Amino acid sequence: MSFEKICVISDIVPGTGVCALVNGQQVAVFRPTDAEAVLAISNTDPFFQSNVLSRGLICEHQGELWVASPLKKQRFNLTTGVCMEDARFSVKAYKARVIKGNVEIAA
């Protein structure tokens with residue numbers, strides 16, 4: 001598996017997400033805390049086919065991190081991509097890492 005560098009960790013404000021283009025696909029990359037750790041899922045909200053998840057709100061539910069879509073607030077697990085409200089609408093989760101300050105996504 002190869003990884004593609006998308007930015008440096010300081011480019012992502014803690015508690016927010018950004019969008020990156022990886023192999024022609026929009027990927028939402030989230031930095032939930034000040035730590036040098038990121039999580040990544042597809043940027044496409046499957047309910048509306050809109051590329052907006054990177055602009056969603058990060059939340060915690062039962063010890064797991066989720067993002068609430070800015071459209072209708074459906075929540076997607078940041079580790080697995082599973083949709084809390086309806087698993088049929090889950091999104092792809094990507095392997096993501098930070099190496100020497102560089103944010104990398106599995107290509």
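**Ground rules**

I start with exposure: buried means under 20% relative accessible area, exposed means over 50%, and partly exposed is in between (1.4 Å probe, protein chains only). This is a predicted model, so I noted the limits: local features need pLDDT of at least 70, side-chain atom pairs count only at pLDDT 80 or more, and totals for chains, interfaces and linings use all residues. Residues are numbered from 1 along each chain as its sequence is written, and side-chain values use heavy atoms, with hydrogens and water left out.

**Entry 1: salt bridges**

My rule: a salt bridge is a side-chain nitrogen of Lys or Arg within 4 Å of a carboxyl oxygen of Asp or Glu. Side chains of opposite charge can pair when their charged atoms come close. I found three salt bridges in the structure.

I looked at Arg 88 and Asp 86, whose closest N and O atoms are 2.6 Å apart. Is Arg 88 buried or exposed? Arg 88 counts as exposed, because its relative accessibility is 70%. Asp 86, at 18%, is buried.

Next I checked Arg 75 and Glu 85, which form a salt bridge at 2.5 Å, N to O. Arg 75 is in strand E9 and Glu 85 in the loop between E9 and E10, so this bridge ties together parts that are 10 residues apart in sequence. Strands here (E, at least two residues) and helices (H or I, at least four) are DSSP runs, numbered from the N terminus. Arg 75 is partly exposed at 28%, and Glu 85 is partly exposed at 38%.

Then I turned to Glu 104 and Arg 97, whose side chains meet at 2.7 Å, N to O. Glu 104 is buried, with a relative accessible area of 14%, while Arg 97 is partly exposed at 34%.

I stayed with Arg 97 and found its charged end over the ring of Phe 3, 3.7 Å from the ring centre. For that label, NZ of Lys or CZ of Arg must be within 6 Å of the ring centre and within 35 degrees of the ring normal.

**Entry 2: aromatic rings**

Rings of Phe, Tyr and Trp (its six-membered ring) pair if their centres lie within 6.5 Å; planes under 30 degrees apart are stacked, over 60 edge-to-face, and the rest tilted. By this rule I get two aromatic pairs.

Phe 47 and Phe 76 make a tilted pair, 6.4 Å centre to centre with 55 degrees between the planes. This pair links distant parts of the chain, 29 residues apart: Phe 47 is in the loop between strand E5 (44–45) and strand E6 (50–51), and Phe 76 is in strand E9 (residues 75–77). Phe 76 is buried at 0%, whereas Phe 47 is partly exposed at 26%.

Phe 47 and Phe 89 make a stacked pair, 4.3 Å centre to centre and 20 degrees between the planes. Phe 89 is in the loop between E9 and strand E10 (93–94), so its pair with Phe 47 joins parts that are 42 residues apart in sequence. I have Phe 89 down as partly exposed, at 27%. The ring pairs link Phe 47, Phe 76 and Phe 89 into a cluster.

**Entry 3: a hairpin**

Strands E11 (residues 96–99) and E12 (residues 102–106) pair in the antiparallel sense over four bridges. Strands pair if DSSP finds at least two bridges between them. Which residue in E12 stands opposite Ile 99? Asn 102 does. E11 and E12 form a hairpin with two residues between them, and Lys 100 in the turn has a positive phi of about 50 degrees.

**Entry 4: nonpolar cores**

A nonpolar core is a set of buried Ala, Val, Leu, Ile, Met, Phe, Trp, Tyr and Cys residues joined through side-chain atoms within 4.5 Å. How many residues does the largest nonpolar core have? It has 13, and those with the most contacts inside it are Ile 12, Val 27, Val 29, Val 38, Ala 40, Val 103 and Ile 105. Strand E2 (16–22), strand E3 (25–31) and E12 each supply at least two residues of this core. Apart from this core lies another, of nine residues, including Ile 41 and Leu 78.
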